[in-house]
Amino acid sequence: MFFGAYVALGTLSGAVSGFFLLIFLQEPFRRKSFLAALFGQTGFCTLLLMLLYAFGVWLQASVFFGESLFAKEVLARFFAEILNAKFLRAAIFGGGLSGLTSFFLQLSEKYGQGVLWDFIRGKFYTPKEQEKIFMFLDVKSSTSMAQQIGYSTYFYLLSDFFQDLTKPIIESSGCIYQCVGDELVITWETSVGLKEARAVRCFFEMERRIEAKSAAYLEKYGVVPSFKAGMHFGSVVTGEIGVLKKDIAHLGQAITIAARIQGVCNSFNEKLLLSEELFNAISLPSNLETKAIGGVLLKGKSEPITLFAVKKKDE
């Protein structure tokens, strides 16, 4: 078999293992260190593609001789091929592709979904004005919870909590902008977040996910975290900022107002509050109900505004 055929087989198998990595191996390794995830994913995918190589060689030998897979000539050709140095080089080639895929996936998760690619292509090297939906999410009673279980244990709880929120955020096409202490800032492109009310649905999907894991939290930590959030949308200026550590920053009233809205959730005993602007722009599903809260004076604002509390109808 020519080496070019091995390269083609390696490329195909690398693509298959990369697909497998994206679909099945991200979630199990999210709680591992960078190196553990990198080597674990790469090793698993390399083993997978070597099996695919071997089966491809076996099948080709069967076709070449026109015999069954277990014919003597086929097996002899099979073992001769897989013990060949070319086969090993092709396996290394495919494993290298899997390793690169895993490496960039790890970097992408570190910087946030889609942010790494923005850095690479210099999308925000020059600041640009764009419209975004912002959700400021905060753990309720975080100080008392940390004192109750201890700050070291609370750190691990937060790690599990943010990990559990990741899947609903990804599924809603959201992006984690910042993670500061026990506060999470999530963004959506406005057109994406408004479509099918994805940004608002994300909140309730996150809530459902935590409820589904409440028994595990109680067993491990003795408490179940709950959270509240404020949402707003509008224009911000987005660009790269920093020298020793570069980041993509959003500047503008939209992000400030979203933070202020989250800050008044406790005052009205509500878990999710939307600005009037966002409420008027989004079409909420029928299983949600809303309540207008008028005359709310947000910090830094001279005039009161109207907010809308959103919750499930069965609550």
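**View 1. S173 is partly exposed, with a relative accessible area of 41%.** Partly exposed lies between buried, under 20% relative accessible area, and exposed, over 50% (1.4 Å probe, protein chains only). S173 is not a glycine, yet its phi is positive, about 65°. The residue sits in the loop between α7 and β2 (175–180). Helices (H or I, at least four residues) and strands (E, at least two) are DSSP runs numbered from the N terminus. The model is predicted: local features need pLDDT of at least 70, side-chain atom pairs count only at pLDDT 80 or more, and totals for chains, interfaces and linings use all residues. Residues are numbered from 1 along each chain as its sequence is written, and side-chain values use heavy atoms, with hydrogens and water left out.

**View 2. Helix α7 (residues 151–171) and helix α10 (residues 214–221) cross at roughly 165°.** Their axes, lines fitted to C-alpha atoms over the stretch in contact, with angles from 0 to 180 degrees between N-to-C directions, come within 11 Å. The two helices are therefore roughly antiparallel, a term for angles over 145 degrees.

**View 3. Residues of α7 meet residues of α10.** On the α7 side are T153, Y156, L157, D160, F161 and D164; on the α10 side are Y217, K220 and Y221. Contact means heavy atoms within 4.5 Å. By class, this contact has 5 nonpolar, 1 polar and 3 charged residues. Ala, Val, Leu, Ile, Met, Phe, Trp, Tyr, Cys and Pro count as nonpolar, Asp, Glu, Lys and Arg as charged, and the others, Gly among them, as polar.

**View 4. N269 lies in the loop between α11 (253–263) and β6 (272–275).** N269 has a positive phi near 55°, although it is a residue other than glycine. Its relative accessibility is 64%, so N269 counts as exposed.

Notes. Parallel < 35°, antiparallel > 145°, perpendicular 65-115°, else oblique.
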